[in-house]
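Reader: I am new to this structure and would like to know what lies behind the words used to describe it. Could you show me the sequence and the model before we start?

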Amino acid sequence: MTSELGRAKWAVVSDRGCEATSLTHEEARRLAHRLAGEGRHGLCIMSDDAAGRLSSPAKPTEVPNRI
C-alpha cells in the first residue's frame, strides 16, 4: 500500500500563486526548500485539491534591475 506522501498529489504555493502541482510530498518539500533559498515567501505544501480551490493572484512580471 502506497503512503499518501508518496502519491503525486501535492502542490507548492507561494505568495505569487501556485508554483507546481502533481508532486510527491518529497518533491514538494525539495521545491519549497529551493524556492526559499531563492527568497520566495509564503511557501506552503498542500494537496492539489486544496490548491485548486485557491484564487491565486497573477504572478508579477520579472523586471530586470535598473541601475
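Predicted model: local features only at pLDDT ≥ 70, side-chain atom pairs only at ≥ 80, totals over all residues.

Reader: What makes Trp10, Val12, Ala20, Leu23, Ala28, Leu31, Ala32 and Leu35 a nonpolar core?

Author: A nonpolar core is a set of buried residues of types such as Ala, Val, Leu and Trp, joined through side-chain atoms within 4.5 Å, and these 8 residues form the largest such set here, therefore the term applies to them. The elements that give two or more residues to this core are β1 (10-14), β2 (17-23) and α1 (25-37), and the largest share, 4 residues, comes from α1. In soluble globular proteins, nonpolar side chains tend to be buried together.

Reader: Which residues does Val12 touch, leaving aside those up to four places away in sequence?

Author: Valine 12 touches Gly17, Cys18, Glu19, Ala20, Leu23, Ala28, Leu31, Ala32, Leu35, Leu43, Cys44 and Ile45, where a contact requires heavy atoms within 4.5 Å.

Reader: Why is serine 22 called partly exposed?

Author: Its relative accessible area is 46%, and because buried means under 20% and exposed means over 50%, serine 22 falls in between and is called partly exposed.

Reader: What is said about the phi of serine 22?

Author: Serine 22, which is found in strand β2, has a positive phi of about 60° although it is not a glycine. Most residues other than glycine have a negative phi.

Conventions. Residues numbered from 1 in each chain as written. Heavy atoms only, no water. Buried < 20%, exposed > 50% of the residue type's maximum accessible area, 1.4 Å probe, protein only.
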